[in-house]
Amino acid sequence: MSRKTICVLGGGIGGVVAAVSLKKATRSAARIILIDKNTEHIFAPSFLWVLAGQRSAEQIKRPLERLKRKGIEFINQEVSRIYPDDRSIVFDDQVMKYDYLILALGAESNMPLIDGLEEAAINFYSLEGIGRLRKAIDEFDGGEVIVLVPSNPYKCPAAPYEAAFLIDHELRVKKAKKNAKISIYTIEPLPMPGAGPQIGEAIKGFLANRGIQFFPNMSIDSVDAVSKTINFKGGESKRADLIITVPPHKTPDVIKNSGLADESGWVPVNNKTLETKHKNVFAVGDVTKIALEGRYKPDKQLSLPKAGVFAHEQALVVAENIAADIKNEPKKREFDGQGACFLELGDGKAGYAVGNFYEVPHPVVKMRTPSRTWHLYKVLFEKYWFWRWF
Ligand SMILES: Cc1cc2nc3c(=O)[nH]c(=O)nc-3n(C[C@H](O)[C@H](O)[C@H](O)COP(=O)(O)OP(=O)(O)OC[C@H]3O[C@@H](n4cnc5c(N)ncnc54)[C@H](O)[C@@H]3O)c2cc1C
């Protein structure tokens, strides 16, 4: 059996889990090469703890070079082109051939999509942005804070609500809440609509209990950076003292340039095996589009939310199946749509939403009663994550 070359593009959650699992499963039968344009893995599920002052930026990163200790080759380059028919990728004018390719390139911010957004708002989906937000909250002494969700899909559908809860808590601690108003303006009809009306109503209840206002179905036209005014489609405008935003998302350019995306801009995959339409090319995590069979309203198609929990499980599925293929064994594992996420509520408490997005007639997701225990579980999960994969 000749030694296979497996290229994993992206050293985020999906890429790291895939590369480490593949090395363990294939040992000397395969060369595992992980390529990322950054030198570090950044664990985004801990971003909001940087906002809350519970983590520094350094604490939630790991050097990807460290994967070499596990026998994985790491190349710090931006991949510029993928040629599935030729089984090759291009970076820095070099061409590399592969036997198997895993796309784990994630989703990127696309702030210029909305006129004025980049200049007026803090994008808290980047480590730099979350640091700026922490500073802005430290300096904030009253006024209106607006959290924006301008477009769909976006990763971690809980994050804008968690950001609002944590900002609320921080302002209470520094006794600035009585002079402050926090509102969420979202394009969505409900918080986390993919998880269903029960979860949405539960989150609306948590918002109402804290006096955080919720404005659904708000589509942004533009933002005036000088006056900090958000102009919504339909004519309404709203001024704020501090605007924070989920960025509009897009796939990395290499996906589009290589013809791997469909009309939605994301990579369509088999919803159980994560195979793309190209032989031996798989995609996991945020870069994918998985249309769900179940729906809440007959005319409203749903997609699997973009979240680390899915990137992680999908990477395990792909790694096991590639390892089996190399050993001429049948496929071993299928992705089944199960997932869970913590919902940070501030004051050391969290909720926990768990369920299955592949259920029909619609996804079934339940919210566990918020408590300090769920927050502690998330802390333990973060520790486990870094220990297990680095
Ligand atoms: C604020 C926030 C909170 C979150 N909280 C949670 C949570 O609590 N639970 C949860 O499950 N999920 C959470 N998420 C979502 C989670 O972080 C993502 O869904 C997850 O990281 C997706 O993994 P991925 O491997 O698909 O992509 P990523 O982790 O984004 O990794 C993509 C990698 O590809 C690299 N890359 C991109 N383009 C190129 C290129 N051309 N060449 C080389 N490398 C490239 C990038 O540098 C990056 O390292 C959160 C996200 C945010 C922003």
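A salt bridge is taken here as a side-chain nitrogen of Lys or Arg within 4 Å of a carboxyl oxygen of Asp or Glu. The structure is a predicted model, in which local features need pLDDT of at least 70 and side-chain atom pairs count only at pLDDT 80 or more, whereas totals for chains, interfaces and linings use all residues. Residues are numbered from 1 along each chain as its sequence is written, and side-chain values use heavy atoms, with hydrogens and water left out.

Over the whole structure, 25 salt bridges are found. In one of them, glutamate 108 pairs with lysine 37 at an N to O distance of 3.0 Å. Glutamate 108 belongs to strand 10 (residues 108–109), and lysine 37 to the loop between strand 2 (30–36) and strand 3 (40–42), so that the two lie 71 residues apart; helices (H or I, at least four residues) and strands (E, at least two) are DSSP runs, numbered from the N terminus. Both partners are partly exposed, glutamate 108 at 22% relative accessibility and lysine 37 at 45%, where buried means under 20% relative accessible area, exposed over 50% and partly exposed in between (1.4 Å probe, protein chains only).

A salt bridge also joins glutamate 382 and arginine 55 (3.0 Å, N to O). Because glutamate 382 lies in helix 9 (residues 372–389) and arginine 55 in the loop between helix 2 (47–51) and strand 4 (61–63), the pair ties together parts 327 residues apart in sequence. Glutamate 382 is buried, at 5% relative accessibility, and arginine 55 is buried at 17%.

The protein is divided into domain 1 (4–107 + 251–336) and domain 2 (109–246), with bounds from an automatic or database domain assignment. Their centres, taken over C-alpha atoms, are 29 Å apart. Contact (heavy atoms within 4.5 Å) involves 17 residues of domain 1 and 25 residues of domain 2. About 1,600 Å² is buried between the two domains, with carbon and sulfur atoms giving 75%; this buried area is the accessible area (1.4 Å probe) that two parts lose on being put together, summed over both. On the side of domain 1, Phe47, Leu48 and Leu51 lose the most area to domain 2, together 41% of what that side buries. Across the interface of domain 1 and domain 2, zero salt bridges are found. Helix 2 supplies the largest share of the side of domain 1 that touches domain 2, four residues.
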